[in-house]
Amino acid sequence: MHRSSIPPDIDASRIYITPEVEDEIISMTSESVYTVFRSKFNVSVTSASPYATDLIKTKTRTVGEYKLSTPDISVLALAWEISQEEETLLLSDDYGVRNIARIMGVRCRGVNKHKHIRVRNYYFICKACGAKIREAEGECDTCGSQSFLRRYS
Ligand SMILES: [Zn+2]
C-alpha cells in the first residue's frame with residue numbers, strides 16, 4: 001500500500017503500511033484524511049525486517065534504481081516479506097517501485113487506473129567493450145572493466 005486511495009475493485013481486507021509510508025500519507029494529505037482512511041480499512045502499520053530491507057536495498061543498487069525514497073524501500077521490503085507468507089498486492093504508481101516489485105516477484109499494480117504505467121527494463125553496456133550486462137555490479141564478463149552505462153529496453 002503506497003497511496004491513501006484504494007481502487008474499489010481491490011480486496012482491501014487487510015492493508016499493511018510502514019511507519020515511513022504513514023508519515024508520507026499524513027504529510028501529503030492531512031492527519032484527518034489519514035484518520036478516515038484508517039477507520040475505513042483494516043490498516044496495520046508495521047516494518048519489514050532488517051533482512052528484507054537490506055535485500056531490497058541491494059537489489060535496487062544492483063539494477064541501478066537509485067531514485068527510490070526511504071518510504072519506497074520500506075514498502076517494497078514489507079511487501080516482499082509478506083508475499084513470502086501470503087498473497088500480497090503492492091499498490092504503487094511509482095515506476096521505480098513497480099520495477100523492483102516485478103524483479104522481486106511481488107505482485108504490483110497502480111492505484112490510478114487512468115494513468116498509463118510502463119515498467120522499465122534495464123540493461124547495461126560495458127563502457128570499455130560494449131558487451132551487454134544484466135546487472136551493474138562486478139566486472140564485465142568479456143573484458144573485466146567495471147564501468148557501465150545504463151540503457152532502457
Ligand atoms: Zn567489457
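The legends below walk through several close-up views of a predicted model.

Local features are described only where pLDDT is at least 70 and side-chain atom pairs count only at pLDDT 80 or more, while totals for chains, interfaces and linings use all residues. Residue numbers start from 1 along each chain, following the sequence as written.

**View 1. The whole protein chain, for orientation.**
The protein chain holds 5 helices and 7 strands. Here helices (H or I, at least four residues) and strands (E, at least two) are DSSP runs, numbered from the N terminus. Reading from the N terminus, the order of elements is β-α-α-β-α-α-β-α-β-β-β-β. Of the 153 residues, 28% count as buried. A residue is called buried if 20 or more other C-beta atoms lie within 10 Å of its own, exposed if 12 or fewer, and partly exposed in between, with C-beta atoms placed from the backbone. Among contacts with a separation of 6 or more, 55% join residues 24 or more positions apart. Two residues are in contact if their C-beta atoms, placed from the backbone, lie within 7 Å.

**View 2. Helix α3 against helix α4.**
Two packed helices are described by the angle between their axes and the distance between the axes. Helix α3 and helix α4 (residues 70-83) pack at an angle of about 115°, and their axes are 8 Å apart. Axes are lines fitted to C-alpha atoms, for helices over the stretch in contact, and angles run from 0 to 180 degrees between N-to-C directions. The crossing of α3 past α4 is right-handed; a crossing is right-handed if the near helix is turned clockwise from the far one by less than a right angle, and left-handed if anticlockwise. On the α3 side, look for A52, T53, I56, K57 and T60, which meet I73, L76, A77, W80 and E81 of α4. By class, the residues of this contact are 6 nonpolar, 2 polar and 2 charged. Ala, Val, Leu, Ile, Met, Phe, Trp, Tyr, Cys and Pro count as nonpolar, Asp, Glu, Lys and Arg as charged, and the others, Gly among them, as polar.

**View 3. I73 in helix α4.**
Helix α4 includes I73. With 23 other C-beta atoms within 10 Å, I73 is buried. Leaving aside residues up to four places away in sequence, I73 touches T53, I56, K57, T60 and L68. A52 lies 21 residues from I73 in sequence, and their C-alpha atoms are 9.7 Å apart.

**View 4. Helix α3 against helix α5.**
Helix α3 (residues 50-62) packs with helix α5 (residues 95-104) at an angle of about 110°, with 11 Å between their axes. The two helices are therefore roughly perpendicular to each other; angles of 65 to 115 degrees count as roughly perpendicular, under 35 as roughly parallel, over 145 as roughly antiparallel and the rest as oblique. I56, K59 and T60 of α3 make the contact with I100, I103 and M104 of α5. These residues divide into 4 nonpolar, 1 polar and 1 charged.

**View 5. Helix α4 alongside helix α5.**
The axes of α4 and α5 cross at roughly 25° and come within 10 Å. The pair is therefore roughly parallel, and α4 passes α5 in a right-handed crossing. From α4, D72, L76, A79 and W80 meet G96, V97, I100, A101 and M104 of α5. This contact has 7 nonpolar, 1 polar and 1 charged residues.

**View 6. G96 in helix α5.**
G96 belongs to helix α5. Is G96 buried or partly exposed? With 19 C-beta neighbours inside 10 Å, G96 counts as partly exposed. Not counting residues up to four places away in sequence, G96 touches E65, K67, L68 and D72. The C-alpha atoms of G96 and E65 are separated by 6.5 Å, although the two residues are 31 apart along the chain.

**View 7. The sheet of β6, β5 and β7.**
Strands of a sheet pair through backbone hydrogen bonds, either parallel or antiparallel. This open sheet of 3 strands has the order β6-β5-β7, with antiparallel pairing. Its edge strands, β6 and β7, each pair on one side only. Two strands pair if DSSP finds at least two bridges between them. Strand β5 (residues 122-126) pairs with strand β7 (residues 148-152) over 5 bridges, and C126 has F148 as its bridge partner in β7.

**View 8. The hairpin of β5 and β6.**
Strand β6 (residues 132-133) pairs with β5 in the antiparallel sense over 2 bridges, with F124 standing opposite I133. The hairpin leaves 5 residues between the two strands, and G130 in the turn has a positive phi of about 85°.
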